[in-house]
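Let's take a walk through this structure together. Have the sequence and the 3D view open, and look up each residue as we get to it.

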Amino acid sequence: MPILLQPVYKEYIWGGDRLIHEFHRRLNSGIYAEAWEIADHPDGRTRIINGPDAGSTLSEAIARRGPELLGNGRTDTSFPLLVKIIDARETLSVQVHPDDESAARFGGEAKSEMWYVLSATPDAHIYSGFRPGVTPADFEKARAAGTIPALLQRFPARPGMIFNTPGGRVHAIGAGCLLLEVQQDANTTYRLFDWDRLDKNGHPRTLHVDKALQVVNWNLTGTPVAPIRPEIPQSDSLATRILLEDPHFHVEEWTISAPCKIEHDAASFLILFPVNGDLRIRTSGQPAMILQHGTTCLLPAVLNSFALQPNGNGPVRLLVTRRP
């Protein structure tokens, strides 16, 4: 059956309250910078809330029936991806994560990620990658002058846009962005600049410039916006398009306009996230499940046949993540 999980919420000083107002989540008033929707990391583990594994973490469920959840031949002992919703009321720090190679050389966890813009204020932007031609010497001059952001590429953030942020690309999420993030299961972040911001105790937040400079890929210039392939009709009721193919995750957008049956090869789990409407999921031998928009659902790999339909008027845009 489809798996629902209890998100882990993170309170960071740059967060907001749009999870409450835009997704109608029943939360106490406060700051919710990130909702870890599917996570199996020591810094945050979501627990399953339905079905035979209710109450378990993903790694506990994987220990019992790993290939059924992950896919044929998979031997992971924990879940390989982390899915978040990020609400940036303020601009995040200028930061970088290791890629697979630099993590192996210098330590830390490799983290490539992608962002899908769910909503954004009119002036919201994403900073991603240094401008072409920026050198380490340019960075040191800007660091001394406090002008590091001037070295970064800056892009407007609009709903539906995709940003590809592999490890090694310097970046910052701008104020006003509400994003869905798909990433490797990692939580290593090195801050290069934090806008002279103070923490809740009135102290500057820690920077990690030396470690960051070990993992920056100075060749990651050019546009970070992922190419979006044209939508391909699969039937009268379903059209699909590929948003991003990363070595660690593939993300697609499905447009569902009427009831449709989905079959896949059981090589990977599927992660579903309805963007703009509620979705009805039917699986063999189980009551239909209503997946509300802005809610994340994990389909075990063994569930290789199911039916989807909009639960209301109009087509539903669905983000679907799988492992390559």
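Start at Phe79, which touches Ile38, Asp40, Leu58, Ile62, Leu70, Asp185, Phe269, Ile271 and Leu298, leaving aside residues up to four places away in sequence. Keep in mind as you look around that this is a predicted model. Phe79 belongs to the largest nonpolar core, a group of 36 residues, and together with Ile85, Leu118 and Leu298 it touches the most other members. Which helix gives the most to this core? That's helix α2 (residues 58–70), with 5 residues. Apart from this core lies another one, made of 19 residues, among them Ala142, Leu152, Phe193 and Val216. As background, nonpolar side chains in soluble globular proteins tend to be buried together.

Next, move to Val215, in helix α5 (residues 209–215). Is Val215 buried or exposed? It counts as buried, because its relative accessible area is 4%, under the 20% cut-off. Its contacts, not counting residues up to four places away in sequence, are Val96, His97, Pro98, Ser102, Phe106, Gly168 and Tyr190. Val215 and Asp100 are 115 residues apart in sequence, yet their C-alpha atoms are 9.9 Å apart in space.

Now for the aromatic rings. A search of the whole structure turns up 10 aromatic pairs. One of them is Tyr9 with Tyr32, an edge-to-face pair with 5.5 Å between the centres and 75° between the planes. This pair links distant parts of the chain: Tyr9 sits in strand β2 (residues 8–10), while Tyr32 sits in the loop between α1 (18–23) and β3 (34–38), 23 residues apart. Tyr9 is partly exposed at 23% relative accessibility, whereas Tyr32 is buried at 13%. Elsewhere, ring pairs join Tyr127, Phe193 and Trp195 into a cluster. There's a charge over a ring to find too: Lys10 lies over the face of Trp36, at 4.6 Å from the ring centre.

What joins β19 to strand β24 (residues 305–310)? The answer is 4 bridges, and the two strands run antiparallel. Cys260 has Leu308 as its bridge partner in β24.

If you follow the chain on from β19 towards β20 (270–274), the loop between them holds Ala266. Ala266 isn't a glycine, but it has a positive phi of about 65°. With 10% relative accessibility, Ala266 counts as buried. Asp196 also has a positive phi, near 55°, and is a residue other than glycine. It lies in the loop between β15 (190–193) and α5, and it is exposed, with a relative accessible area of 71%.

Our last stop is Ser112, in the loop between α3 (100–106) and β9 (113–120). Ser112 is buried, at 7% relative accessibility. What does its side chain reach at 3.1 Å? It reaches the backbone nitrogen of Gly167. Around Ser112 you'll find contacts with Thr165, Pro166, Gly167, Val182, Gln183, Gln184, Asp246, His248 and Phe249, again not counting residues up to four places away in sequence.

Key: Residues numbered from 1 in each chain as written. Predicted model: local features only at pLDDT ≥ 70, side-chain atom pairs only at ≥ 80, totals over all residues. Heavy atoms only, no water. Phe/Tyr/Trp six-rings, centres within 6.5 Å; stacked < 30°, edge-to-face > 60°. Buried < 20%, exposed > 50% of the residue type's maximum accessible area, 1.4 Å probe, protein only. Lys NZ or Arg CZ within 6 Å of the ring centre and 35° of its normal. Contact = heavy atoms within 4.5 Å. Core = buried A, V, L, I, M, F, W, Y, C linked by side-chain atoms within 4.5 Å. Pairing = 2+ DSSP bridges. Polar contact = N/O pair within 3.5 Å; in protein donor to acceptor, adjacent residues only side chain to side chain.
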